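The points are numbered and may be read alongside the display.

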Amino acid sequence: MARYSPSIQDLINRLGALPGIGAKSATRVALHILNMPEEDAKGLSDSIINARKNTFRCSVCQNLTDSDPCPICSDPSRDKTTVCVVESPRDILTMERIHEYKGLYHVLHGVYDPAGGKAIADITLNQLIERLTLHPEINEVIMATNPTIEGNATALYVSRLLSNSGIKITRLASGLPLGSELEFSNDYTLTSAFKGRVDITS
Ligand SMILES: [Zn+2]
């Protein structure tokens with residue numbers, strides 16, 4: 001028997017399905033929302049709908065944006081010869097945090113992980129290849145996928161794919177513990193990993 005009425009239980013279930021929110025937190029957040037003034041609860045709901053409606057993938061780098069090209073792709077001060085390839089939009093925020101990188105990005109929206117059901121077509125690798133073909137000024141691709149087995153395999157796959165392109169492929173690796181995520185690395189470790197990036201051009 002459910003402890004809460006169906007509408008409250010539905011809210012708890014939906015919140016609990018979000019990443020990083022367990023059953024206890026979902027219940028706490030749901031009860032907090034129900035105690036909010038009605039206009040605040042409506043503001044929260046409108047904000048979710050608006051963000052969802054107004055956000056799409058940048059046609060150049062595939063980052064989530066509400067303008068196309070996104071602010072980074074359209075910033076004239078960014079170095080157009082370097083593309084840093086990351087798994088998720090969150091990783092762009094992480095890379096920007098260390099103020100070391102001034103080039104452009106490409107968001108894969110995942111990694112190549114056939115065992116986990118992620119095929120090449122599920123990530124934006126074809127868009128990356130097309131972009132590199134259209135923009136011969138790009139001379140370095142920095143593979144900043146997470147230092148996990150899948151992230152490393154994706155970096156290796158890309159380096160093989162681009163082996164005859166003449167583009168230098170580098171990998172953020174040194175100092176980042178295997179299995180970790182960029183997002184949770186400290187600024188010092190990430191800065192050293194960026195500065196000490198290794199050439200993996202095959
Ligand atoms: Zn962009």
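1. Strand S4 is largely enclosed by the rest of the structure, because 4 of its 5 residues are buried. A residue is termed buried if 20 or more other C-beta atoms lie within 10 Å of its own, exposed if 12 or fewer do, and partly exposed in between, the C-beta atoms being placed from the backbone. Helices (H or I, at least four residues) and strands (E, at least two) are DSSP runs numbered from the N terminus.

2. The model is a predicted one, in which local features need pLDDT of at least 70 and side-chain atom pairs count only at pLDDT 80 or more, while totals for chains, interfaces and linings use all residues. Residues are numbered from 1 along each chain as its sequence is written.

3. The protein chain holds 7 helices and 7 strands, and from the N terminus on its elements follow the order α-α-α-β-β-β-α-β-α-β-α-β-α-β. Its C-alpha trace spans about 60 × 35 × 35 Å along the principal axes. Of the 202 residues, 26% are buried. The domain assignment gives domain 1 (6-54) and domain 2 (64-199), bounds of this kind coming from an automatic or database domain assignment. The C-alpha centres of domain 1 and domain 2 are 33 Å apart.

4. In what order do the strands of the open sheet stand? The 5 strands are arranged S4-S3-S5-S6-S7, with mixed pairing; two strands pair if DSSP finds at least two bridges between them. Strand S4 (103-107) and strand S7 (198-199) are at the edges with a single partner strand each, so one side of each has no neighbour in the sheet. Strands of a sheet pair through backbone hydrogen bonds, either parallel or antiparallel.

5. The pairing of S4 with strand S3 (residues 79-86) is parallel and extends over 5 bridges. Within it, Val86 stands opposite Val107 in S4. Together with H4, these two strands make a right-handed β-α-β unit; a crossover is right-handed if, with the strands pointing away from the viewer, the path from the first strand over the helix to the second runs clockwise.

6. Helix H6 (residues 149-161) lies across S3, strand S5 (140-143) and strand S6 (168-171), and runs at about 170 degrees to S6. Axes are lines fitted to C-alpha atoms, for helices over the stretch in contact, and angles run from 0 to 180 degrees between N-to-C directions. Two residues are in contact if their C-beta atoms, placed from the backbone, lie within 7 Å.

7. Which residues of helix H7 (residues 187-195) are buried? They are Leu190, Ala193 and Phe194. Seen down the axis of H7, these buried residues fall within an arc of 100 degrees, so they line one face of the helix; the arc is that of the directions from the helix axis to the C-beta atoms. The buried residues of H7 pack against helix H4 (89-97), whereas Tyr188 and Lys195, on the other side of H7, are exposed.

8. Cys70 is located in the loop between strand S2 (64-65) and S3. Cys70 counts as buried because it has 24 C-beta neighbours inside 10 Å. Leaving aside residues up to four places away in sequence, Cys70 touches Cys58, Cys61, Asn63 and Thr65. Cys84 is 14 residues from Cys70 along the chain, and their C-alpha atoms are separated by 15 Å.

9. Most residues other than glycine have a negative phi, and most peptide bonds are trans. Asp68 and Pro69 are joined by a cis peptide bond, with omega about -5 degrees, and Pro69 lies in the loop between S2 and S3. Gln62, in the loop between strand S1 (56-57) and S2, has a positive phi near 75 degrees. With 21 C-beta neighbours inside 10 Å, Gln62 is counted as buried. His109, in the loop between S4 and helix H5 (125-134), has a positive phi of about 55 degrees although not a glycine. His109 is partly exposed, with 17 other C-beta atoms within 10 Å.
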